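Take a walk through this structure. We go from ring contacts to the sheet, then to one helix.

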Amino acid sequence: MIEPLTDGHGRRFEYLRLSLTDVCNFRCSYCLPDGYRKQAGLPANLTVPEIRRLIGAFASFGLWKVRLTGGEPSLRRELPEIARVVADVPGIRTLAMTTNGYRLAERAAEYAACGITALNVSVDSLEPARFAAITGHDRLHEVLDGIAAAREAGIGQIKLNSVLMRGINDDELERFAAFVTERDLTLRFIEVMRTNDNPAFFARHHLAGAQIAERLEQAGWQRLPCAAGAGPAVDYAAPGGRGRIGIIAPYSRDFCASCNRLRVSARGKLHLCLFGDAGIDLRPLLQDDDQHAALLARIAALVRTKAPAHRLHEGHSGGTPHLASIGG
Ligand code: SAM
Ligand code: SF4
């Protein structure tokens, strides 16, 4: 192994989020309210050999966790093959996926067999009609069945992701808390983020992470100490010990100080920040195994230039139209 990947601000990177596709079948109101629209003239998604070389390069730096995301990663036809290839790269210990739960009930066992060890499933409401209004799909029960199937299939780490929004689903906080407590699950409340496509939605529905934390604390949830290298979520334990809730609050002070992740888009661009200006193309160096050393040098040099923090507070969302374009 060579020196770990670090930037100029003392942060170390052992976690990569890889988007498999920009395409999504849902129409979440904060992300793709009008559904996915194909753009003409874009290059194809990374191929399986390109992905193998990419992950091999990151693993050479000691990176051990990869999350497959999108768009909706389960729509990528080669998902099982990609998962196997990534899981087989020496050094990769955790292969996670973030999904909207589409067809999860039928595919959970296949995912486990391909080496997926952790799943985050997005569930923004526990009321079927509201879930349908937020996502454009009346599939809450299917998604919940998928979570049960994933547990049954032996996927050890399963988390629910919920974007909590003022006037849309913030009245469900206690219901979510009871849901995870009863089932001993982990949930992440995500503060809605402003992107280039959603400023009006953001202005109307943004709910600060601090307010979510206050409500949890009032209900007796206990803040847990931050584990070293754990990333930017702040975790809480339920009063009775069963169930965990994390809060991802990108607008909170010092959020970026614990950043431990890098992102690569479906077409092979390295994004040093979710809200950076543009991705940097790694694809030319993914074309054959002989380029490995040049790829390592390029990645190490780029990571050193990572900015200390995003500029969301100034209303600057970088070049990100919506999170489906990079992989949230
Ligand atoms: N389609 C998959 C899903 O929804 O789980 C994976 C991709 S999605 C971009 C990843 C996560 O980003 C989801 O949990 C989603 O709720 C979250 N997300 C998308 N847009 C967001 C925004 N503007 N603010 C906060 N979270 C967002
Ligand atoms: Fe699709 Fe995920 Fe965006 Fe919803 S949040 S529209 S499921 S990419």
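Arg 93 lies over the face of Trp 64, 4.4 Å from the ring centre. The charged end of Lys 65 sits over the ring of Tyr 15, also at 4.4 Å from its centre. Such a charge counts if NZ of Lys or CZ of Arg is within 6 Å of the ring centre and within 35 degrees of the ring normal. This is a predicted model: local features need pLDDT of at least 70, side-chain atom pairs 80 or more, while totals for chains, interfaces and linings use all residues. Side-chain values use heavy atoms, without hydrogens and water, and residues are numbered from 1 along each chain as its sequence is written.

Now the sheet. 12 strands form an open, mixed sheet, in the order β9-β10-β11-β8-β7-β6-β5-β4-β3-β12-β13-β14. Strands are DSSP E runs of at least two residues, helices H or I runs of at least four, numbered from the N terminus. Pairing takes at least two DSSP bridges. The edge strands, β9 (222-223) and β14 (280-281), each pair on one side only.

Next, helix α6 (residues 173-183). Just after α6, Asp 184 takes a positive phi of about 55°.

Phe 176 in helix α6 and Phe 189 in strand β8 are 13 residues apart. Both are buried.

How values were computed: Chains are lettered from A and ligands numbered from 1 in the order in which they are written. Buried means under 20% relative accessible area, exposed over 50%, partly exposed in between (1.4 Å probe, protein chains only).
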